[in-house]
Amino acid sequence: MIGRGGIWTHFILANAVARCARTAAERAPPSQDEVPFSFSDTHAGGGRLQRTSALDPVLAARGEFSGRWFHEAVTQSPDSYPGSWVLAGRIVAALPRVVFEADVNDIDPAAIAAAKANRESGWVRFWSHDWFLFLRNRINLPNRPGFVFIDPPADDHRGPGYAIDAAILLDTLGIPFMVSYAVDDPQDPIDQIGRTGLELWRGQWGFGVMLGGGAEAVVMDVLADLHRLAALLEGDFTVRLPSPPADDYCI
């Protein structure tokens, strides 16, 4: 079931994937007919979600958004909602020359079994491992991902530490990524990773994402749309900045 937090996350994801895939195509030689773009999803699920009424006002206001990617991908299946890797595949499929490849991971074998029936286009490889082990194995393969989406559940037994380590590693390697997080106490992870958080608040709870490894270039593209989206989701858009480093110099 897709809720407000998922819509918020996927809207940003859709725009970030589109920008990164377009950049990959622009950097490829003009003579190259097919440009592979590899997407890795650490918590993929089955690839299909149930729609909820929270999506209705967002789709109805389609003309108010400057970014088209989310709406075009979601409206392809009016009776269901695409999971993150299916969403990414639809976006990449709409780009000239770019060919979608995906590494889809979920620790639940039942989710992977369902995912195998929901692939739509491109080449998809399925994994069922602990997410951090999957990510380590994936980035050690010869062709590194063009984008990594890390979407740990709120009850992830690892806590934020591994997401911090993963984000810092991907940033160091220059691999575009997006990490979702719960906004109960995110300042320390934000400070350690050193990236800006884009948050949707509804009263005392909310959702946030941060981008890095080059994916953060999309932030300026989506700022105006995020204000519109937050209002339609009955929430408030907040930008969380890393705290400045403490200056321990004294005289």
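In which segment does Pro242 lie? Pro242 lies in the segment after β10, the strand that spans 236–240. The structure is a predicted model, and its protein chain comes to 9 helices and 10 strands. The radius of gyration is 18 Å, close to the 18 Å that the globule rule gives for 251 residues, so the protein chain is as compact as a globular protein of that length.

- Leaving aside residues up to four places away in sequence, Pro242 touches Gln187, Ile190, Asp191, Gly194, Arg195 and Thr196.
- Met220 is 22 residues from Pro242 in sequence, and the C-alpha atoms of Met220 and Pro242 are 17 Å apart in space.

**Dimensions and packing of the chain**

- Taken along the principal axes, the box filled by the C-alpha atoms of the protein chain is roughly 60 × 45 × 40 Å.
- Of the 251 residues in the protein chain, 51% are buried.
- Among contacts in the protein chain with a separation of 6 or more, 72% are between residues 24 or more positions apart.

**Surface and charge**

- The protein chain has an accessible surface of about 11,700 Å², and carbon and sulfur atoms account for 52% of this surface.
- The side chains of the protein chain include 21 positive and 31 negative ones.
- The centres of the positive and negative sets lie 7 Å apart.

Key:
Residues are numbered from 1 along each chain as its sequence is written. This is a predicted model: local features need pLDDT of at least 70, side-chain atom pairs count only at pLDDT 80 or more; totals for chains, interfaces and linings use all residues. Side-chain values use heavy atoms; hydrogens and water are left out. Helices (H or I, at least four residues) and strands (E, at least two) are DSSP runs, numbered from the N terminus. Contact means heavy atoms within 4.5 Å. The radius of gyration is taken over C-alpha atoms; the globule rule is 2.2 Å times the number of residues to the power 0.38. Buried means under 20% relative accessible area, exposed over 50%, partly exposed in between (1.4 Å probe, protein chains only). Accessible areas come from the Shrake-Rupley method with a 1.4 Å probe; for residues, only the protein chains shown count as cover. Lys and Arg count as positive and Asp and Glu as negative; His and the chain ends are not counted. The place of a charge is taken as NZ of Lys, CZ of Arg, CG of Asp or CD of Glu.
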